[in-house]
Amino acid sequence: MENRLKTFIEMLNRENDLLDSLVEIGDKKRQLIILGEVKELDKLIQKEGIVLSNLDKQEGARFKLQQELSVAWGMKPEELVATELLKRLSGKHEDLYKPMQEAIERLDYNLTRLKAINSHNHDLLEHSLDFIAMMESMITGDSAGVYSDNGSKIDEAAPAVLAICWIERCNRHALK
């Protein structure tokens, strides 16, 4: 049992290392999105795919071992959550409690920050797509017109001013 638990901790640590890589990739993606470096972004997304594939394999192996541990303890795999796992270690395997706790806390931290980075990158991409759509509309003249708060039509030169305001808004958002 102790060897299985040590292997489980090692698996969590490998997953954390892969998540660290994804966080680093996410940060680089943000910079490339801001700079509009599409070719470099595409290369990075390919690299991200490889890391995600490795993470998927690691997660599958970890889940299989988690199932084995749950069977050995006479419980259903879905019942063996982090708190239950730590509770089981606090008795017979006290020396493994702290490394397991650290691996679980690091996993939680990594997942939280990866979620935040992905959300921010998604927002940046949405702003970029909105800007592209607005610029395309201005160039092709497909715009329904620009109106003021009171409903009167604004001068046709105003879209250029709005585009500049839009760019400044996107840049401020990117710096957050």
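How far does helix H2 (residues 38-72) reach from its first C-alpha to its last? The views below take up this and its neighbours.

**View 1. Helix H2 and its span.** H2 has 35 residues and reaches 50 Å, close to the 51 Å expected at 1.5 Å a residue. The expected span is 1.5 Å times one less than the number of residues. Helices are DSSP runs (H or I, at least four residues) numbered from the N terminus. The model is predicted: local features need pLDDT of at least 70, side-chain atom pairs count only at pLDDT 80 or more, and totals for chains, interfaces and linings use all residues. Residues are numbered from 1 along each chain as its sequence is written, and side-chain values use heavy atoms, without hydrogens and water.

View 2. Just after H2, Gly74 takes a positive phi of about 70 degrees.

**View 3. H1 against H2.** The axes (lines fitted to C-alpha atoms over the stretch in contact, angles from 0 to 180 degrees between N-to-C directions) come within 9 Å and cross at roughly 160 degrees. H1 is therefore roughly antiparallel to H2 (angles over 145 degrees).

**View 4. H3 against H4.** The axes of H3 (residues 82-92) and H4 (residues 94-140) come within 7 Å and cross at roughly 160 degrees. H3 is therefore roughly antiparallel to H4. Leu85, Leu86 and Leu89 are among the H3 residues that meet H4, where the partners include Leu96, Tyr97 and Ile104 (contact: heavy atoms within 4.5 Å).

Note on methods: Helix = DSSP H or I, 4+ residues; strand = E, 2+ residues; numbered from the N terminus. Parallel < 35°, antiparallel > 145°, perpendicular 65-115°, else oblique.
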